[in-house]
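Subject: Two-chain model, for your files

Hello,

Here is the structure I said I would pass on. My notes on what was found in it follow directly below.

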Amino acid sequence: MMSYRYSFSRKVFVVFNYCLLTFLSLLCLAPLVHILAISFSSSSAAASGTVTFWPKSFTTAAYENVFGKPEYLRAFLVTLQRVALGTSLQLLLIVLTAYPLSRDNRVFKMRTVYVWFFLITILFSGGLIPTYMTVRMTGLMDTIWALVIPGAVPVFSIVLMLNFFRNLPKEIEESARIDGAGHLDVLWRIYVPLSTASIATVTLFSIVGHWNAWLDGLIYMKHPKHYPLQTFLQTIIIEQDPRYLTAEEAEKMALISNRTSRAAQIFVAALPILLVYPFLQRYFIHGIVLGSVKE
Amino acid sequence: MLRRLKLEWPLHLMLLPAIVLCLIYEYYPMIGIVMAFQDYLPGRGFFGSPWVGWKNFEFIFGVPEIGRILFNTVYIATMKIIAGQIVPITVAILLNEVRIQVFKRTFQTMVYLPHFLSWVLLSGILIDILSPSSGIVNKFLGLFGIEPIYFLGDEDWFPYVLVISDVWKGFGWGTIVFLAAITTINPNLYEAAEIDGAGRWKQTLHVTLPGMMPIIILTWTLDLGSVLNAGFDQVFNLYSPQVYSTGDIIDTYVFRLGLEQMQFSVSTAVGLFKSVVSLFLISLSYYLAYRFANYRIF
């Protein structure tokens, strides 16, 4: 396909192209590396603004401070809890909902009606305040369920999954049905095992979505001790709300410059994403492409 | 009828949990929109509060800053859409020229990453690196004798910081769909072009780009639906009263009105206005995508 005799201008382009792409990819990591370098630097080095991409006067004081902070650890636990509960609930609902919606209209007459029922929720929503009122009326305020239940039906993931199910060969299902397998059998024993790539994709979306969500924690939780990590960080880093600091902490904060401590908190909160993501990467691209391609 | 029910009931049953949850947390709030036409009192619920007709809407459109907020929303969102398309398309084409697979994969792993980090974390990072006193960006600009710029506190800079950081976060992820489009192009077309004497540049112009066109048109059309979505998470975590004049958008205004000033009904009215316009735009975009790109979501 490629001609092997490169012209001079082609060579110039290739070199330029590799340089540009390398620069772009480094640009994506640079801010994170910089924050990491700051988090391991001494507070005076960080405050002087001389740290670039390598720590200056290396110290782990900021991390000792972060992990010694009960609020941070508590918020971390709330997040782990919501990720575990939220992701399993979402996965269950995605698979259960996508299966009937992937049936042929001839087999499942009501299919189109149901699909529209779910699609309308992407097209239109009650908005911030009515949703807030509903969560309040159903008694979820200030409980972990406020972070899990209102968003338990992720319609985009359902659409991805149902498109994937529709592309599975019909013969497998038909022969299983003839052998007397019910719909649930077909789903659990045939469809789910055949859909690992798509399931990995929607799992990643669920985990990342729950890990990163912060607004629901901010509006549905009355006590800061119930905040998930992102909400906690939002109030402490972005708003820098002094309400959440005790006098003792404020003193500690002064000792360890705000900057290194903030950097360490940001990095610890990003770390789980950095760890899961490369493993799931090969699945999600595959999953997205398969899920969005239709016959 | 009965026979059909006997065959279909497990399917209905499987849908039941999701339906119930959607009815409560998606459809019930839609009924709650009646708040926009009431003077909502928290104790009285959606139906016990006094009705006030269009008063809340008259109030909003009389607020002096509303024009600016609408302008900011559309301006920021449109710039994000345009830049958020051009950059990934260009990068996808450039990446397609790369023959070293390891380089390609490493590049992809690196540029997809920011997409997965929340705006809370990225805002924390941006606040640090853009700080006028100690931020690395201003230190770098200082090397060229440029005075420190207060990027996040300057009305002129703020919208551009939003657009640039949004493109930075999303361009890698955006390339996925365009790369997929490039791989569907028939290799024979390149061969034919080469035989006709077309160099790589001509091939890109006359084979790759036209081959990507359906997807490009499709994504532009679908983006039409987000002209009123300027990015709540990002703006909320980066803005401050100094930059309200150029950075305040509909969603942040709804949040401040509703949850900080407790003006539930007025806030809902603004939200409803946005939802109705968005619904119109999204429907239009799906219709156009269906007409011209033969695209169907399900």
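L288(B) counts as partly exposed because it has 17 C-beta neighbours inside 10 Å; a residue is buried with 20 or more other C-beta atoms within 10 Å of its own, exposed with 12 or fewer, and partly exposed in between, the C-beta atoms being placed from the backbone. L288(B) sits in helix α14 of chain B, where helices (H or I, at least four residues) and strands (E, at least two) are DSSP runs numbered from the N terminus. Between the C-alpha atoms of L288(B) and F59(B), which are 229 residues apart along the chain, the separation is 35 Å.

Before the rest, the conventions. This is a predicted model, in which local features need pLDDT of at least 70 and side-chain atom pairs count only at pLDDT 80 or more, while totals for chains, interfaces and linings use all residues. Residues are numbered from 1 along each chain as its sequence is written, and chains are lettered from A and ligands numbered from 1 in the order in which they are written.

Chain A. There are 15 helices and zero strands in this chain. Of the 295 residues of chain A, 40% count as buried. Contacts are pairs of residues whose C-beta atoms, placed from the backbone, lie within 7 Å; among those in chain A between residues at least 6 apart in sequence, 71% join residues at least 24 apart.

Domains of chain A. The bounds, from an automatic or database domain assignment, are 8-61 for domain 1 and 63-292 for domain 2. Their C-alpha centres lie 31 Å apart. Eleven residues of domain 1 of chain A are in contact with twelve residues of domain 2 of chain A. On the domain 1 side, α1 (8-39) and α2 of chain A are the elements that give two or more residues, and α1(A) gives the most, with five. By class, that side has seven nonpolar, four polar and no charged residues. Here Ala, Val, Leu, Ile, Met, Phe, Trp, Tyr, Cys and Pro count as nonpolar, Asp, Glu, Lys and Arg as charged, and the others, Gly among them, as polar.

Domains of chain B. The assignment gives domain 1 (1-53) and domain 2 (64-293), with C-alpha centres 34 Å apart. Six residues of domain 1 of chain B and five residues of domain 2 of chain B make up the contact.

Between the chains. The contact takes 73 residues from chain A and 68 residues from chain B. Helix α1 (residues 2-31) of chain B supplies the largest share of the chain B side, 17 residues. That side divides into 46 nonpolar, 14 polar and eight charged residues.

Core. A nonpolar core is a set of buried Ala, Val, Leu, Ile, Met, Phe, Trp, Tyr and Cys residues joined through C-beta atoms within 7 Å. The largest one has 124 residues, of which A98(A), M161(A), I266(A), L121(B) and V270(B) touch the most other members. Helix α4 (residues 70-101) of chain A gives the most to this core, with ten residues. Leaving aside neighbours within four places in sequence, V270(B) is in contact with I60(B), I250(B), Y253(B), V254(B) and L257(B).

Backbone. Most residues other than glycine have a negative phi. S57(A) has a positive phi, near 45°, and lies in the loop between α2 (43-48) and α3 (61-67) of chain A. M262(B) also has a positive phi, near 55°, and lies in the loop between α13 (250-260) and α14 (264-293) of chain B. S57(A) counts as exposed because it has 12 C-beta neighbours inside 10 Å.

Regards

Terms used: Two residues are in contact if their C-beta atoms, placed from the backbone, lie within 7 Å.
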